[in-house]
Amino acid sequence: MAVGRSSKLPPAAALRQILRRCSSLGRKETEGDFPGDVPKGHFAVYVGEKRRRFIVPISLLTHPEFQSLLQLAEEEFGFDHDMGLTIPCEEVVFCSLTSTLRRMKF
């Protein structure tokens with residue numbers, strides 16, 4: 001009997017996968033169907049019941065609070081789907097959290 005690999009990626013690998021799929025890092029605007037409205041150093045996420053799209057800086061990935069949101073997203077949706085990175089959080093909570101994290105200095 002073969003031993004199967006866990007579908008969960010190590011945190012570093014999961015972050016690399018997120019960046020490849022959702023960010024403008026290292027991509028040209030003319031590449032494939034990548035939206036040209038994501039500035040370099042940012043990535044798109046979808047939040048709330050209506051899946052509102054937000055563009056957030058990659059620097060938020062270093063914050064433990066944002067990493068907790070990513071864990072929730074992985075548990076609920078996984079990282080391998082067509083919509084893009086979807087965060088299971090109310091919009092107002094997400095906006096408050098990201099606003100606070102942007103002001104914090106590490």
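Helix H3 lies across strands S1, S2 and S3, running at about 10° to S2. Contact here means heavy atoms within 4.5 Å; axes are lines fitted to C-alpha atoms, for helices over the stretch in contact, with angles from 0 to 180 degrees between N-to-C directions. Helices (H or I, at least four residues) and strands (E, at least two) are DSSP runs, numbered from the N terminus. The model is a predicted one, in which local features need pLDDT of at least 70 and side-chain atom pairs count only at pLDDT 80 or more, while totals for chains, interfaces and linings use all residues. Residues are numbered from 1 along each chain as its sequence is written, and side-chain values use heavy atoms, with hydrogens and water left out.

Of its 106 residues, 35% are buried, where buried means under 20% relative accessible area, exposed over 50% and partly exposed in between (1.4 Å probe, protein chains only). Among contacts with a separation of 6 or more, 48% come from residues 24 or more positions apart.

Next comes the sheet. The three strands make an open sheet in the order S2-S1-S3, with mixed pairing; two strands pair if DSSP finds at least two bridges between them. S2 and strand S3 (86-87) are the edge strands, each pairing on one side only. S1 and S2 run antiparallel and are joined by six bridges, whereas S1 and S3 pair in the parallel sense over two bridges. Tyr46 can be followed in both directions: Arg53 stands opposite in S2, and Thr86 is the bridge partner of Tyr46 in S3. Val47, in turn, stands opposite Ile87 in S3. Five of the six residues of S1 are buried, so this strand is largely enclosed by the rest of the structure.

Arg51 lies in the loop between strand S1 (42-47) and strand S2 (52-57). The phi of Arg51 is near 55°, a positive value in a residue other than glycine. Arg51 is partly exposed, with a relative accessible area of 31%.

Attention now turns to helix H2. Which residues of H2 are buried? They are Phe66, Leu69, Leu70, Ala73 and Glu74. These residues cover an arc of only 140° around the axis, which puts them on the same side of H2; the arc is that of the directions from the helix axis to the C-beta atoms. An α-helix has 3.6 residues a turn, so residues three or four places apart point the same way. On the face of H2 turned away from the buried side are the exposed residues Glu75 and Glu76. Leu72, also found in H2, is partly exposed, with a relative accessible area of 41%. The C-alpha atoms of Leu72 and Cys89 are separated by 8.9 Å, although these residues are 17 apart along the chain. After H2 comes Gly78, with a positive phi near 75°.

Finally, aromatic rings connect several of these elements. Rings of Phe, Tyr and Trp (its six-membered ring) pair if their centres lie within 6.5 Å; planes under 30 degrees apart count as stacked, over 60 as edge-to-face and the rest as tilted. By this rule there are three aromatic pairs. Phe43 and Phe66 form an edge-to-face pair, 6.1 Å centre to centre with 80° between the planes. Phe43 lies in strand S1 and Phe66 in helix H2, so this pair ties together parts that are 23 residues apart in sequence. Both Phe43 and Phe66 are buried. The ring centres of Phe66 and Phe94 are 6.3 Å apart and their planes lie at 55°, so this pair is tilted. Because Phe66 belongs to H2 and Phe94 to helix H3 (residues 91-103), the pair ties together parts 28 residues apart in sequence. Phe66 has a relative accessible area of 0%, and Phe94 is likewise buried, at 0%. Phe43, Phe54, Phe66 and Phe94 form one aromatic cluster.
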